[in-house]
Amino acid sequence: MSNPENLGYTTDHEWVDLADPAAATVGVTKYAADALGDVVYVQLPEVGATLTTGEACGEIESTKSVSDLFAPADGVVVEINEAVVDTPELVNTDPFGDGWLFRVRVDGEPELLDAAAYAEHTKED
Amino acid sequence: MSTPSPLHSVHEALGASFTDFAGWSMPLRYGSELAEHKAVRTASGLFDLSHMGEIELTGPEAAQALDFALVGKLSAVKPGKARYTMICDAEGGVLDDLVVYRLAADKYMVVANASNAATVAAALRERAEGFAVEVNDRSAELALIAVQGPTSTAIIGSVTDADLDALAYYASVPSAIGGIDVLLARTGYTGEDGFEVYVDGAQAPRIWELLTEAGQEHGLLPAGLACRDTLRLEAGMPLYGNELSASFTPFDAGLGRVVKFEKPGGFVGKEALERRRDADVETKVLVGLVGSGKRAPRHGYAVVDAEGTQVGTVTSGALSPTLGHPIAMAYVPVAVSEPGTALSVDIRGTSAPVEVVKLPFYQRQA
């Protein structure tokens with residue numbers, strides 16, 4: 001599977017698009033979406049919430065399991081994807097696109113994996 | 001290393017995700033488990049259940065041996081029919097729930113859950129001692145393929161000469177598919193009409209192929225264990241390890257009807273089960289719970305009463321794909337087990353209101 005080169009990744013299988021650090025987009029990877037199975041519910045942080053890297057900030061629930069969402073960076077939530085709340089299967093159908101979860105005004109420089117390092121990480125999983 | 005099913009390469013070619021289940025590597029899903037679930041409710045699903053255990057008992061005293069070994073009265077089952085029953089330990093605890101097919105006057109096939117197949121085979125061997133019967137564990141060599149759903153009759157009807165109108169629910173008949181000998185049974189674990197095909201493992205890929213071809217015009221989708229679990233949950237069917245275990249008797253699970261005390265001779269667990277039947281004690285019973293919203297109560301979550309006291313534990317739960325709301329099963333005290341009782345479930349720190357309902361959650365239109 002191809003992980004877009006322009007994104008940063010976490011070992012918790014989230015991706016971050018830092019093109020605009022004032023509104024960095026966060027989602028889960030295709031690897032995560034495939035492992036979860038059909039996503040039926042997502043609980044996202046509220047707009048204005050302060051995030052701390054590595055701390056749980058929401059939930060993503062599939063038919064078979066529930067997983068925490070972890071903040072991939074320090075910052076403040078500036079927008080959430082209402083479409084994915086209404087239509088959680090977007091996480092499965094377009095994890096790197098319409099299935100994005102929320103946007104963060106990032107504080108500082110988050111430590112993320114590049115696409116190659118993330119691909120290596122999922123190989124070991 | 002987990003054991004691959006005889007159909008493993010077929011599943012790989014279909015792009016299945018696999019899961020380790022009771023020592024077997026089995027398909028979890030092929031694509032979307034929700035689509036597979038829906039196919040079973042509205043068309044049909046094709047399942048590989050080769051992990052299930054099959055133990056044959058053959059001999060003039062096969063019926064008597066099973067009457068002693070199991071809680072049911074298997075001697076009363078006519079050849080060609082099947083029965084849902086259980087095997088208990090001496091304390092009445094459930095060792096496994098079983099489907100037993102009577103294949104002939106002197107021949108039965110006991111179908112056990114994969115996780116318990118070895119235990120059941122060993123218990124049957126031990127309990128059959130002194131009876132004129134041979135116990136033969138065929139789990140490793142037999143494959144099991146199920147076609148479940150409203151279009152299953154049309155699919156099976158197009159590949160066999162068997163008279164399906166004459167094949168009642170919980171009956172079986174020796175048949176052939178594409179010239180291959182099979183045992184064709186009208187049984188299942190999905191809450192739909194459906195068939196189960198027992199066949200020699202080496203022939204399983206050909207049977208799968210023939211069923212796939214026959215199913216093309218009937219909406220048949222390959223379906224994995226993920227949807228099998230949500231299907232059985234909607235149908236209110238217990239899963240061993242969740243609703244059933246050696247620490248519960250069949251009565252606790254609301255399945256006391258499977259215990260037949262009126263049979264000649266004793267049976268393993270009889271005294272303990274009589275005590276449980278007659279005991280006037282506060283015990284927990286299995287109930288259905290329904291919620292609202294999208295967050296599902298899951299296995300292990302606490303069930304809480306109006307005063308905030310934990311009264312039970314969820315055994316299985318999911319957001320019902322068919323009904324669209326959360327459903328769960330749980331053991332709760334008799335006092336709060338009446339349908340309509342308001343309880344709540346602690347969903348990871350949030351209290352979610354649920355209502356006790358009668359099982360099953362879903363019943364197909366007859």
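1. pLDDT is the predictor's confidence in each residue, on a scale from 0 to 100. The model is predicted, and chain B has an average pLDDT of 96. A score of at least 70 is reached by 99% of the residues of chain B. For the complex, the predictor gives an ipTM of 0.84 and a pTM of 0.93.

2. The contact between the chains draws 8 residues from chain A and 12 residues from chain B. On the chain B side, the elements giving two or more residues are helix H2 (33-42), helix H7 (225-234) and strand S17 (310-319). By type, this side of chain B comprises 5 charged, 5 nonpolar and 2 polar residues.

3. Helix H2(B) is mostly covered, with 7 of its 10 residues buried. These are Glu33(B), Leu34(B), Glu36(B), His37(B), Ala39(B), Val40(B) and Arg41(B).

4. Helix H6 of chain B covers residues 204-215, 12 residues in total. From first to last C-alpha it reaches 16 Å, close to the 16 Å expected at 1.5 Å a residue. Ala204(B), Ile207(B), Trp208(B), Leu211(B), Ala214(B) and Gly215(B) are its buried residues. They line one face of H6(B), because their directions seen down the axis fall within an arc of 130°. In general, an α-helix has 3.6 residues a turn, so residues three or four places apart point the same way.

5. An unreviewed UniProt entry lists Glu196(B) under "binding site". Glu196(B) is located in strand S13 of chain B, residues 194-200. Is Glu196(B) buried or exposed? Glu196(B) counts as buried because it has 25 C-beta neighbours inside 10 Å, and the cut-off for a buried residue is 20 or more. Leaving out residues up to four places away in sequence, Glu196(B) touches Leu144(B), Ala146(B), Ala185(B), Thr187(B) and Gly188(B).

6. The unreviewed UniProt entry also lists residues 284-362 of chain B as "domain: Aminomethyltransferase C-terminal". Over residues 284-362 of chain B, the chain is 54% strand and 0% helix. The end C-alpha atoms of this stretch are 23 Å apart.

How values were computed. Residues numbered from 1 in each chain as written. Chains lettered and ligands numbered in written order. Predicted model: local features only at pLDDT ≥ 70, side-chain atom pairs only at ≥ 80, totals over all residues. Contact = placed C-beta atoms within 7 Å. Helix = DSSP H or I, 4+ residues; strand = E, 2+ residues; numbered from the N terminus. Nonpolar A, V, L, I, M, F, W, Y, C, P; charged D, E, K, R; others polar. UniProt positions renumbered as here; feature names shortened; annotations may be inferred. Buried ≥ 20, exposed ≤ 12 C-beta atoms within 10 Å, placed from the backbone. Expected span 1.5 Å × (residues − 1). Arc of directions from axis to C-beta.
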